[in-house]
Every structure is written in C-alpha cells, then in structure tokens.
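Subject: Structure handover

Hello,

Here is the structure I promised you. Please open it next to this email and follow along.

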Amino acid sequence: MFILFFAFTLSLNAQKSNKIEFTEYDLDNGLHVILHKDNSTPIVAVTIMYHVGSKNEDPERTGFAHFFEHLLFEGSENIKRGEFDKYITNAGGVNNANTSFDRTFYYELLPSNQLELGLWLESERLMHANIETIGVETQREVVKEEKRQRYDNRPYGSLMIEVFKRAYTKHPYQWMPIGSLDHLTAASLEEFIDFYKTYYVPENATLSIAGDIDVEETKKLVAKYFADIPSGGKDIPRPDIVEPEQKKEVRDIVYDQIQLPAVVEAYHIPAQGTEDAYALSMLSTLLSDGQSSRMYKSLVDEQQKAISAGAFPFALEDPGLYLIYAIANMGVNVEELESSVDEQIERVKNELISETEFQKIRNQVENDFISQNSTMAGVAENLANYHVYFGDANLVNTEIERFMSVTREDIQTVANKYLKKENRVVLYYLPESARDQPAESEVKADN
Amino acid sequence: MNHNMNKIYIIITLFLISLGTSAQVDRSKAPEPGPAPKIQIGEYQSFQLKNGLKVFVVENHKMPRVAFSLILDNEPIIEGDKAGYVSFAGQLLRNGTTNRTKAQLDEEIDFIGASLSTSSGSIYASSLTKHKEKLLELMTDVLFNPAFPEDELEKIRKQTVSGLAASKDDPNAIARNVRNVLVYGKEHPYGELTTEETVENVKLEDVRAYYNKYFKPNVAYLAVVGDINLKEARKLVEKHFSKWKKGEIKQPVYEVPQAPESTFVALVDRPASVQSVIEVAYPLELRPGNPDVIKTRVLNQILGGGFSSRLMQNLREDKAFTYGARSSLSSDDLVGNFVASASVRNEVTDSAVYEFIQELEKIRNSVVEERELTAAKASIIGSFARSLEQPSTIANFAINTARYNLPEDYYANYLKNVSATTLEDVKAMADKYILPDHANIIVVGKGSEVADGLKKFGAVKYYDIYGNEYEPSAAKELPAGLTAEKVIDNYISALGGEEKLSSVKAIKMDMSAEMMGNAIDMKVIKKVPEKLLIEVSMGGNVMSKQLLNDDEAVVMQMGNKVPVNEEAKEQLLLASYPFPALQYEKLGVKIELTGVEKIDGKDAYAIEVTYPSGSKLIEYYDAGSGLKVQETKTQKTPQGEMSLSTTYSDYKEVDGIKFPYLVVQPMGGGMKLNVKTQNIEINPEVGEDTFK
C-alpha cells in the first residue's frame, strides 16, 4: 500500500515539474523530426541520430558504422575538406559524434541564432557528403590512432572486445564498433559509397533539436534544408539473427599489459525495454552505485580485495550482456577475487533485499533518471533514443514508471534467472608476464 | 462551396510557393546567423539572516532538483610551517561528524541519491527536491558538527604526502611551485608552498582552530538553486542555518606583489629532463569588475586562448615545437596574473622562449586583425551562453556581484561589452597588461643543454624546486681536478673505507614499507660472488621473488615466472654485491661526472652511469658527506618521457659501515614507496639453498 502511494505521488511530482514537452513529425522523405523548445538559455542542440550501428555491418567489413562517424566530417559538395569544424568553432559552438552497436549520433551545440548553420551542416552531411579516397585514407589513420589509444594502449582496454567475441557466436554483437582495421583497409571506395547510400537516408534518421527555438520557425528551416533530400527508397537491412542460447559456461584467460589481475563475468540478458531489463538495471544500482553499494562496500572498502568493482547492464536493441567486473588489489589472486564477486551474486539470489535498501536504490534510480535531462544536448539525445529504440519519445517523461514498478522480488527473480553459470562468460585478465606460467594456476573449466 | 474551394486552392498555391522557395535554397555557402540572441541571465532573489548569512535563490523548476552551495569568503591566510592544514580542514568535514561516522554519512547520502562535498571554502549538496530536508540535515551536520577524526586526518596526511612526493618528479608541478613563489613571493599566501615537512607538522588542533575561526555565517554566501521558491527557501534556510553563530574575523591584508624590474630567466636545473617546461609569468593588478576584465578576455583569446590562438598556431602548427602552447590572463581580488606556457624539446627551448617573447611584443606593437577579433568574440559568447545552461552559473553570478561589489547589471551587460570590444581596445589592453620586459621566464629543464641559450633573454638565475635561489657559480663549477672516480672513492670512504667494505662477503637486510594501507616486508640476502635473493611479501604471502645464482636469474611475480631480459639480469648482478660501486670497473660500468646540482637544497655531484647494456642512470653524491643521496632514471612512457628518482637518506652505522635506513622508491602511477630498513646483519651464515 505504501509503495503504491509512493509511486503515485512520484508521478504527480514528475508531471508537475519535470515534463519535457516536444513536437514530433515526419517529413515526406521519411525524416523524423523532434523539437523541444526551452528558451531559458540562448543555445540550441542540433542532433541527428542514424539508426545504424556495428550490428548492421557485413561480418567481412566491420568498423564501417564507426568509420562514418569520422568520414562524415570530411566535408560535402558545399563544405570544403577540413571546414566542417571551423564553421562551428567560428560560430562559438562545439560538436562531436559517437557510434554504438545500434546507432550513430552527431551533434552541434550552438548559440541559438546559429540554428540555421547547424541545419545546413547536418543536411549537407545527409544529402551529399564527400566520400573520397583522400578522406578515407586520412580517417583510416585517425581511426588507427583511436584504436591504439582506446583499446590497445589502455590497461583492460580490450575487455569489451574479448568479452563480446566469446559471448556471441552468431549475432553481430560479437564485434565492437571500432571493428577491424584490416576490413577498413580492404574495403573499396564503392563499398563506402554504398553504405552511405543505404543508411544515410532521411527515413533512417531522426533530427532532434532542443533549445532556444521558435517551433514554427524551426519547422520552416527544417523543411528548407531537409525537405528536398530524396528518400533512399531501399529497404534498410536490419539483422534478424538470433543468438542461440548459451548452454554452458565459457571461461578463458586474457593476457594484457597490466599490473593487477581482473575478473569479468558477462551474463546474457534480454533486450532493452523488457521488464527484466529494468529489474536488472536496478540490480546494478544495488551492487555498484555509490560508496555504500554492495560490491564497493564489501570488495573495495571492507575486504580490500579489489581496487575497483562494479556491475552494469549492457541492455541493447537485441539481447545484451550483464557485465560484472573487479580489479584485484595488490597480492590478491584472481580466483579469490572471483569467489568474492560470486558471493555477492549468491547473496542477491538467496536473500530478498531489505525494504530500506530497496528504497535506497529506488531513490538513486529516480535521481539518475531525472538528472539525465539537465542539458539541452542530453534532452535531444534522449528524445532521439526513445524514438529510435521504442518508437515513443515520450518515454523521456514516463520511463521512470517502468523502473518504479520493479519489485524487490523482481530483482531476486532476475538474479536467479540470468546470473547463472551456464549463461555466462568468465574472463581472467592477467599480466602479460604471467603468460609462461606453469600449469599450477590453470583455470578450472566448470562445466 | 465554391468559395471554400477557392480558399483551399489559395492555401495549396501558397503551400506550393513556399515549397518552391525552399527548393531554391542556396546551399553553396553557410547561412548567415540570425540577430544575436538576447541572453537573459536568469533572475535571482536574495535575503540575509540575522547572523549575516547572505542567501541567493535561483528558481529553476525544469527539474525537481535542488542544490545548496555554501561559499565562505575568507581571504587566504599564511599557514607557515604548517602549510596544508587549511585544505585538510575542508576535506575532513566530510569524513565524520559527532553524530555520524564516515560510513554512516556515505549510507545516508546514497539513500537519498544525493551528493555532498566539502572544501576549506565551500560545502556543496544536491538532491531531488523531495529530499531537501534530509539533505540539509546532512549538510548542516557536516557544517556544524565535524568530528575531525584522528584516523581520517592520518589518511589524508598520507595521501597528501604521497602526492607531494610524486610531484617532485613532475616538471609541471615544479614549474607551478616556482612560478607561485616568484610571481607572488613567499610572504604572500599564493606563494606559500605545502611540503612534506609542513604537512607532517599539521595537528588536529590546527584544523579545528581554522574551522572554529573561519566557518562563520557573516562571511558566508549560500546559493539555493533549483526547484524551490523564495518562501520555501527562506523557511528552510532559517530553520537550518539560524543557529549558526556569527563571529568576528579579521581578514588579513597583503601587499600587492610586483612584476620584476626587468625580465629574467629562472632556471630549475633538472638534468633528467628531455623536455623543458616554459612559463612566462608575472602578477597583475586586475580585480573582478574592472572594465578591463572583459577586454582582456578578448585579448587573451586571441593571444593564447584556444586552438586557433596565435601561440598555438605559431609554436605548434607552424614550428612544431610543442603539443600545445597557451596563455591565461586572470583577474583576482588580491592579485591577478598572466601566464603563457608550453612544454618543448630541449634543443628548441631558447627558440620557443624567443617565439613567446615575439608574440607578446607583436600583440603590443600592432593591431590584431578584424577576423581574429570576430572569432575570439564568437568563441567567448558561445561559451558564456553554454555556461548559462547550468542554473548554478546564475547563482555564481549573483554571489560574485555581491562579493566583488560589481554593478548590478555586470553580467547582464557582459556580452554587450564583449561585442563592443574594438581593435583599439585590444591594443590598449596589450599595452597595459602584456609585459614582455617585466616577466619571470621560468624554465624547468636540463641546465647543461638549455642554460646558455637562455642568456639572451636576461639574467639566468638558478632555483631549486621550492623556488629558493642558489648561487649559479657554485652550481656550475666543479672543484678543479674532481673526477667521477674521485667522487666514487669519496663515497666508498664515507661508507667506511674500501678495506672494511671489501671484508663484507655476505649481507642480510630486512626492510618494510606500506602500500595502500598494507604492510610490505622485504628480505634481501647477498653473497659474494653473484648470489642474490630479494623477496617481497605482503601479509605473509610472497608477492615477488628475484634470484641470482651465478649465471642463473629468476624473477617470480605472484608465483609466476617472469622472463628476465639482459638489462634486468645486469641489474640483478650489480645488486648482488653488497657495495656495487666497488665493482664498477670490474663489471665494465662507465662513469662520468656531469655537474653539481641541488638535491633537497644541498650540492650534490651528478655522475652519469652507463651499464654494459647501454642503459643509463644518474647518481647523485652529496658534496659534503660524500654519500649517495639519489638515483634518477628516465623512462619512456605513453605520456611522454618521465624520470623516476630513488632517494637514499637516514644513513646509520652497522659494524662501522654506513647504510641508508630510508630508501624512497618510485612506484608506477606517481606513487612512492618508503622502504625502511629494520635490521642488517653483516657476514651471516647463508646456506646455498637460499638462492634456489
């Protein structure tokens, strides 16, 4: 009864002061447009989300989606090479882009009187970007450096690559957005042009604008720059591969340039938006949000077995992974660390969370949900995300209710349902120097 | 009907026309910006409590969140030989109250999904609106009832000391310290340095005394920002802050530091450097609210404010001397400053200083280009506008307006004043504030390679890492006839003499250290010839073991064998001798005397040691005692070159031979390990099995 009452007052509260108002419509060419007006600050976020990520790639041409995030700053029919960024800096703005398994996102944050500049730049990118040999070659070098910095030269940098390639045998989530440099080198210019023509089309894009705008005026400007861009007209390839159920535990060792060993566990979980995904998300708040969370308090503070530990759900458009990791403190061996991690998981599976602890994580989740809309760039991205993934941009206001309907029992249930040995990949990260070790600490296969 | 049709027809035609115009969009050039937006600085309201607390309320109901930000407007104080205690007081507020331990605070803060942080001049707390009562309870518990637990003080002291130790190897930190001393002087609070010694002197009484004296409502500003109205805010603030007792605080007054009479070079000689850190710096009288502040922001944006600034374009893009060159020109209530800086390769150090001075001269002597001015303004306006997205910016504006007696419309007119800045204004600001003839040119670098080239910019004076000047002549000239061999001979005599040292055929040492709260034990056993065991354990578990048995070298880490390369083997071989310096000749180690340097304020002879494998390090021998005080090795890391120093001190005699009882060793990631000798046994019985 109390819980129900609580949920009720919460949604009232949210409606009162947190409602994100927006307008959305489609252009004839299929471009989806979302406009959120907020005149409190004279800035505007102009963003486009393309529903293409690494999962759309040909297994022989991985890294394409992310490569475009670079290539599409090279200029267009009307924007000379190297000028894209300059227009933005000279206007007093900032810009960037990022790519995931499922989508690619571009944004400019500009003074609001430069809205039209942002629309021009983004429409040029969509309409007729320059896909040329010189740009491809330049950006290949940049991506090489990026891979070196982010994956190769960083301790545990290969973690995601190593986990996902073992967890997925069929589904394209088995490779990371960064992909393979060899594939990028082998690809012909025609292949890049073809990818551009397939995915960079209005019907695969969501233009989300938030900030100091006049909605009617903005609609006109959007039409001015985007209405005459033709649709692609082709079907957009979407993978329908279903990853077969994992039947037994996968275990392996990865040697890396690191000092401290680490353990990573990855469990298969359902796609984002499902009821279980919300319960799993709350489970990770319980385990690792804040200094009083279970894993931090027990592994880092009290037992001092780990210097860092956490759990986070990788809920994706298709079924994703639940990652749990811990990095060992000096002198702690990795088997011992793993059993301490598993102890925490067993505890969630066996004991119902107390009312107080449950209330704490609800409060944390609520705080995080509300805070995610504190900037215009954040609002524009969230609106686009909710539209692209769920076809319901209004979840920006209501998704919290889905979190709040999760019960203590739900959390215990999903822990038992998904955090099972046969459903996981376990990786030990060990220092390169341990590679030639004798068989004594050989990892026991547990199946 | 007809009429209606007509109407529809007209609408359709209009629609087509508008479509038609949109089809004719000129894509060939970037659209012109609309009229500059009127930037509305959000409104604030204010009131004052009887105890003097000034409260500013910025209502913003976009999100159901509220933040309370308390700022204490105390002038910095001179901390003297306890420098560091003021900062400790701030950190300790969050680590336990008389009502709650730190763990309880963590729990209660997380329970409401809030955040709470403290410093010596501020407390910040934020949460969802509905938790504001609880949030204020926690915030004021921290403010009114700090427990200052002894163990938490020790924890902070330890962290600070290891941070300071690491910063001795960091040329940027050295440059910053020396710059502060030179620009402000040691009698000014901005020129005061926190060192390991001053940190050791800090007592809980100092921390408490600071808190008791300076945490008073009459010097405090409280910003309440977010989903709250004035009435509620007033009620809450009165409830929680009214009992706060005011107190008289006499704020100190300082003389304004002056720029040097003429430009000179302050060289911090760092023989291990492969890059020089260059800073051109001087103090400025430029207080917040001075109309020059906005114009100098435009000036600095052009000179060194971003990627397209002159310094960056010249030193990075054109000359490729550096990854980045920039400048800042800051206003401050006590004293402002100008700093231009870059890190450059040794061999271009003087060329880089030359370009810095050239750029300063140039911006003084000729008017900047219109296009530079336009781009600088756009960049400032854009970043100002983006900053307004955070409602806390408005609260800061309100507090600054009160604190520095700014005109009420100072921020409202800010962008107007940016836009109004003319080419002539920029020139006038450069004339007034860019002082290439009155600058401290601080260079932290390898003196033997860079000093001569720097003389053309003014007198070159030598400074140690704490900003103390020392006599360059003493530093540069080696005593006549001194050779590397003599330095080593002196060292051997200082330890106890060759005869005595040679009589040592075996040695056993027990040492201990502490890392992240864990005790580490080290056992070292050496036996002539070429036998060595180094065992490191933690909590009884052996973490690493290094063995040399004649020609066989084995290194184990956490029970795993690690491959041993030639360089590592060479190190083990040297280390297997009780006194490696005695063996230099025999083992083919080359030594060369390279100069005299200050190590911890004392002269030390620097000897470059080259091992047969080609690897090098520099050993420092105290000019007075003859004892070895430091070893420095330069390593390549992904972040650039970096040098690591091991220091030796606290020499004590055992059977007539001196041993360093404290060895400070660098660990990765800026951490230092203090290795303390517990026991030394000379010529003990050592079984051969020890080394297997």
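First, one term: two residues are in contact if their C-beta atoms, placed from the backbone, lie within 7 Å. Now some ground rules. This is a predicted model: local features need pLDDT of at least 70, side-chain atom pairs count only at pLDDT 80 or more, and totals for chains, interfaces and linings use all residues. Residues are numbered from 1 along each chain as its sequence is written, while chains are lettered from A and ligands numbered from 1 in the order in which they are written.

**Where the chains meet**

Chain A brings 53 residues to the contact, and chain B brings 54. Several elements of chain A each give at least two residues to its side, including helix H1 (2–17) and helix H4 (115–128). (Helices, H or I of at least four residues, and strands, E of at least two, are DSSP runs numbered from the N terminus.) H13(A) gives the largest share, with seven residues. By class, this side of chain A has 15 nonpolar, 30 polar and eight charged residues. Here Ala, Val, Leu, Ile, Met, Phe, Trp, Tyr, Cys and Pro count as nonpolar; Asp, Glu, Lys and Arg are charged; the others, Gly among them, are polar.

**Inside chain A**

Chain A has domain 1 (20–226) and domain 2 (250–432). The bounds come from an automatic or database domain assignment. The two domain centres, taken over C-alpha atoms, are 28 Å apart. In chain A, 35 residues of domain 1 are in contact with 31 residues of domain 2. On the domain 1 side, the count is 19 nonpolar, nine polar and seven charged residues.

**Inside chain B**

Chain B has 21 helices and 26 strands. Its C-alpha trace spans about 115 × 65 × 65 Å along its principal axes. Its domains are domain 1 (45–241), domain 2 (264–476) and domain 3 (484–691). The C-alpha centres of domains 2 and 3 of chain B lie 44 Å apart. Between them, eleven residues of domain 2 are in contact with 13 residues of domain 3.

How much of chain B is buried? Of its 692 residues, 38% are. A residue is buried if 20 or more other C-beta atoms, placed from the backbone, lie within 10 Å of its own.

One record entry to finish. UniProt, in an unreviewed entry, places "domain: Peptidase M16 N-terminal" at residues 83–176 of chain B. Such annotations may be inferred rather than shown by experiment. That span is 59% helix and 13% strand.

Best wishes

Methods:
Buried ≥ 20, exposed ≤ 12 C-beta atoms within 10 Å, placed from the backbone.
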